[in-house]
Amino acid sequence: MVNKAAVNKIITVIGELETTLKEPFNRFSDTVGADAVDLNFEYIIHVSLYRRSFYGKRPPIKSAILATDATLIHYGKVHALLTQGSPINVRVFQDRKEAAQWLDVPNRNTNGGRGPASVNQPPMRVTHNREVNQTPWTSRSKLGRERLKQ
């Protein structure tokens with residue numbers, strides 16, 4: 001389920017990583033495994049403007065959102081529109097390989113060997129890895145892994 005609680009947890013972890021790591025990192029949000037969406041436009045606008053403000057004048061980053069659900073695609077596009085003009089460059093993808101290519105990360109076995117990309121994918125997986133198919137929050141960001149478990 002993609003809801004306010006899930007999104008709040010993710011933006012908290014991303015904010016903590018941005019503060020802790022001090023170096024920019026691209027994002028990959030995988031929403032393909034989400035079985036339901038409980039969000040609204042007002043909340044998406046709030047999150048987008050908050051992220052834009054919080055990220056401030058840091059170096060540019062890319063944020064790829066993988067989505068196949070029409071509602072999540074639409075919300076992702078709203079987020080992309082509201083972050084235009086900031087260092088956060090958001091794009092929505094329906095194809096994992098295209099997202100990996102845009103993020104300029106290796107694209108070998110992009111679904112982690114789990115069969116079709118839409119099968120067994122955790123909802124709202126966010127990562128800043130060098131490879132889209134790695135487990136999210138690599139050892140470089142132990143803080144991120146711990147926060148998402150909470």
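Two residues are in contact when they have heavy atoms within 4.5 Å of each other. Leaving aside neighbours within four places in sequence, tyrosine 43 is in contact with Lys4, Val7 and Asn8. The model is predicted: local features need pLDDT of at least 70 and side-chain atom pairs count only at pLDDT 80 or more, while totals for chains, interfaces and linings use all residues. Residues are numbered from 1 along each chain as its sequence is written, and side-chain values use heavy atoms, without hydrogens or water.

Tyr43 also belongs to the largest nonpolar core, a set of 19 residues in which Val2, Val7, Leu39, Tyr43 and Ile44 touch the most other members. Such a core joins buried Ala, Val, Leu, Ile, Met, Phe, Trp, Tyr and Cys residues through side-chain atoms within 4.5 Å. Buried means under 20% relative accessible area, exposed over 50%, and partly exposed in between (1.4 Å probe, protein chains only). At least two core residues come from each of helix 1 (4-21), helix 2 (41-55), strand 4 (61-66), helix 3 and strand 5 (88-93). Helices (H or I, at least four residues) and strands (E, at least two) are DSSP runs, numbered from the N terminus. Helix 3 gives the largest share, five residues. Another core, of ten residues, lies apart from this one and includes Val32, Ala64, Phe93 and Val105.

Helix 3 spans residues 70-83 and contains threonine 83. Threonine 83 counts as buried because its relative accessible area is 0%. Not counting residues up to four places away in sequence, threonine 83 touches Ser48, Arg52, Ile88 and Val90.

Helix 2 contains isoleucine 45. With a relative accessible area of 36%, isoleucine 45 is partly exposed.
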